[in-house]
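This note sets out points for a colleague who is reviewing the model. Please read it alongside the coordinates.

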Amino acid sequence: VRIPRTRTKHEGSCTSKAKLHGKTVIVTGSNTGIGKTTAIELAKRGARVILACRSKQRGEAALQDVKRESGSNQVVFMQLDLASLKSVRSFAENFLKTEPRLDILINNAGLFIFGRTEDGFGMTFGVNHLGHFLLTNLLLDRLKECGPSRVVNVSSGAHNWGTVDFDCLNTHKDLRIGTSFVAGQRVYADSKLCNVLFTYELAKRLKGTKVTCYSLHPGKLHSCGFLFFMKTPLQGSQTTLHCALQEGIEHLSGRHFSNCTAREVLAKAKDPVTAKKLWEISERFCDL
């Protein structure tokens, strides 16, 4: 029997009134959808917002939109292709040279696509997990210098259906093989489980620093099997904003959020052995 959960008045909405003047935020995949809305909301609060997007054309178009809708000029587009480890390194180098601060890193970009990255990894795994893993590691020292700071990893409820097959990763540089629609959905779920495990392990490694990290299932969604339907990007961005801004959640570092609330995850999503193993294979793949 399912016991209906009582909902609090503000559940599902970010209630933080935090102002971000003098703070710098990176949002990956911010040229569309939730990422773009997140960037607008952060710029409205006074943050300097870096739009980190693959397409120069779409990124520059989004830059104009974000500036216009937020009324802020503190918005910058920087090219980042998460399907290329060389591009990730180049972005990080460029960012560290030109921007003195980093207060919040929002790893928002995500896709569900077949094919291979420039480095030969499965595209969904390469973009959703590996590119963000490298980016975060390259920027960690700056986040530590600017603490208290945060890393926010946009995952999905689909992580519940995911698994991490290390034999497949070692052999095929991908989470599973197969090009059917169902195989594609499963790889997406696997990559989202990687996001949750990465956050769990990252929190352990950040103990004693002023950097905290959170994974999340975006916004108010309803699910139909594997498919998740978004209501609006503004609703979808609320949990991202909560994890980035909410005061007093530092003790929940490493946890997974949905509807602006910390949630329990399945044992496989917080398994220390799997999380550590994923970190180590990711380090090896990225030559860290």
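The numbered points below cover the basis of the model, its cores, a cavity, several individual residues and the backbone geometry.

1. Basis. The model is predicted; local features need pLDDT of at least 70, side-chain atom pairs count only at pLDDT 80 or more, and totals for chains, interfaces and linings use all residues. Residues are numbered from 1 along each chain as its sequence is written, and side-chain values use heavy atoms, with hydrogens and water left out.

2. Main nonpolar core. The largest nonpolar core has 49 residues, and Ile 26, Phe 91 and Val 164 touch the most other members. A nonpolar core is a set of buried Ala, Val, Leu, Ile, Met, Phe, Trp, Tyr and Cys residues joined through side-chain atoms within 4.5 Å; buried means under 20% relative accessible area, exposed over 50%, and partly exposed in between (1.4 Å probe, protein chains only). At least two residues of this core come from each of β2 (48-53), α3, α4, α5 (166-172), α6, β6 (211-217) and α9 (272-286). Helix α4 gives the most, with ten residues. Helices (H or I, at least four residues) and strands (E, at least two) are DSSP runs, numbered from the N terminus.

3. Leaving out residues up to four places away in sequence, Phe 91 touches Ile 26, Ile 50, Ala 52, Met 78, Gln 79, Leu 80 and Leu 135; contact means heavy atoms within 4.5 Å.

4. Cavity. The structure holds one cavity of 30 Å³ or more, and about 50 Å³ of space lies in the largest cavity. On a 1 Å grid over the protein atoms alone, a cavity is a set of points where a 1.4 Å probe fits but cannot get out, and lining residues have an atom within 4 Å of a point. Grid points are joined across faces, edges and corners, and a volume is the space filled by probe spheres set on the points. Which residues line the largest cavity? They are Asn 107, Ala 109, Asn 128, His 129, His 132, Asn 153, Val 154, Lys 192, Asn 195 and Phe 198. Helix α4 (123-145), strand β5 (149-154) and helix α6 (181-205) each supply at least two of the lining residues.

5. Three lining residues of the largest cavity are nonpolar, six are polar and one is charged. In this division Ala, Val, Leu, Ile, Met, Phe, Trp, Tyr, Cys and Pro count as nonpolar, Asp, Glu, Lys and Arg as charged, and the others, Gly among them, as polar.

6. Ala 109. This lining residue lies in the loop between β4 (104-107) and α4. Ala 109 counts as buried because its relative accessibility is 14%. Its C-alpha atom is separated by 4.1 Å from that of Gly 29, 80 residues apart along the chain. Beyond residues up to four places away in sequence, Ala 109 touches Thr 28, Gly 29, Leu 82, Asn 128 and His 132.

7. His 159. The loop between β5 and α5 holds His 159, which is classed as buried because its relative accessibility is 3%. His 159 and Cys 194 are 35 residues apart in sequence and 7.9 Å apart in space, C-alpha to C-alpha. Neighbours within four places aside, His 159 is in contact with Ala 189, Lys 192, Leu 193, Val 196, His 256, Val 265, Lys 268 and Ala 269.

8. Helix α8. In α8 (residues 238-245), eight of eight residues are buried. Their cover includes α1 (33-44), β4, β5, β6, α7 (233-236) and β9 (256-258).

9. Backbone geometry. Most residues other than glycine have a negative phi, and most peptide bonds are trans. A cis peptide bond joins Gly 147 and Pro 148, with omega about 5 degrees; Pro 148 is placed in the loop between α4 and β5. Cys 260, in the loop between β9 and β10 (261-263), has a positive phi near 60 degrees. Asp 287, in the segment after α9, has a positive phi of about 55 degrees. Are these residues buried or exposed? Cys 260 counts as buried at 10% relative accessibility, whereas Asp 287 is exposed, with a relative accessible area of 68%.

Methods. 1 Å grid on protein atoms, 1.4 Å probe; cavity = no way out; pocket = protein on both sides within 12 Å on 5 of 7 lines; lining within 4 Å.
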